[in-house]
Amino acid sequence: GDIYSTHLKSKYSEFLENHLENFKKNDSIGNPVLGNYEGFGKINTTTLRYIKYAADMVENFGSLSDYNLIEIGGGYGGLARILNCIYNFKSIKLVDLPKPLELQSKYLSQFNIPCETYQPQDNLHVEKKTLVVSNFAWCECDKDTRKKYIENIISKCNRVYIVTYHVDTNELMTLDGEKNLDEDIYSQSTTASIFTLKKDES
């Protein structure tokens, strides 16, 4: 948590000033373990990490007016909620296994955020004005599943942000568009990488 809190304060102070109190509402559900971090007060470490990813996306992608969100592997729903606080998406689609989807849908419903849920084998309509995010779920998928996600979802979208392990980024780097691959700030112990993709909206 200290790595993320220090990074956020040094690089995204204005972003935090505008959004932090709303982001901290993520921790109002489920009684998560809270740490005490200077400048943040009591907050869950996963929430800190999600805030960092959200700040990255704002820096990389700017305004995403009239965009949709697709999250591959939605955790408990916390990243989707934080991103929705910023972007107020037209729609939110979550792709995951049945049990996690139940949790994500229930969590988001506590904030009156509607979402559509899909399993990996389902077909879903994808609009170009969509942000696709995935937070370590990418490296949990086998090669065939990743290929399907690229063909059916990621290649059709204008904005992509995926946190994964570097070994799993080869397929992503073949995509058309403006690509970046950076080490996550926590990569000292996880060797994590962040892949971003931005395409022309025309």
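Helices are DSSP runs of at least four residues, numbered from the N terminus. In this predicted model, helix H1 covers residues 2–11 and helix H3 covers residues 45–61. The two helices pack at an angle of about 35 degrees, and their axes lie 9 Å apart. The crossing of H1 and H3 is left-handed. On the H1 side, the contact is made by Tyr4, Ser5, His7, Leu8 and Lys11. These residues meet Leu48, Arg49, Ile51, Lys52, Tyr53, Ala55 and Glu59 in H3. Sorted by class, the residues of this contact comprise 6 nonpolar, 2 polar and 4 charged.

One of the H3 residues in this contact, Lys52, also takes part in a salt bridge with Asp56. The closest N and O atoms of this pair are 2.6 Å apart. Because Asp56 and Lys52 are 4 residues apart in helix H3, about one helical turn separates them. In general, side chains of opposite charge can pair when their charged atoms come close. The structure holds 4 salt bridges, counted over the model.

Empty space was examined next. Rolling a probe the size of a water molecule over the atoms shows where such space is left. At least two lining residues come from each of H1, H3, strand S8 (178–183) and strand S9 (192–198). By class, the lining of the second largest pocket consists of 4 nonpolar, 4 polar and 6 charged residues.

The largest pocket has a volume of about 260 Å³. Its lining is made up of 17 residues, and Gly73, Asp96, Leu97, Ala137 and Glu140 lie nearest its centre. Helix H5 (98–109) and helix H6 (143–152) each supply at least two residues of this lining. The classes in the lining of the largest pocket are 9 nonpolar, 6 polar and 2 charged.

About 30 Å³ of space lies in the largest cavity. The residues that line this cavity are Val95, Pro120, Asp122, Leu124, Lys148, Tyr149, Asn152 and Ile153. The largest share of the cavity lining, 3 residues, belongs to H6. The lining of the largest cavity divides into 5 nonpolar, 1 polar and 2 charged residues.

Technical notes
Residues numbered from 1 in each chain as written. Predicted model: local features only at pLDDT ≥ 70, side-chain atom pairs only at ≥ 80, totals over all residues. Heavy atoms only, no water. Axes fitted to C-alpha atoms, helices over the stretch in contact; angles between N-to-C directions. Left-handed = near helix turned anticlockwise from the far one by under 90°. Contact = heavy atoms within 4.5 Å. Nonpolar A, V, L, I, M, F, W, Y, C, P; charged D, E, K, R; others polar. 1 Å grid on protein atoms, 1.4 Å probe; cavity = no way out; pocket = protein on both sides within 12 Å on 5 of 7 lines; lining within 4 Å. Points joined across faces, edges and corners; volume = space filled by probe spheres on them. Salt bridge = Lys/Arg side-chain N within 4 Å of Asp/Glu carboxyl O.
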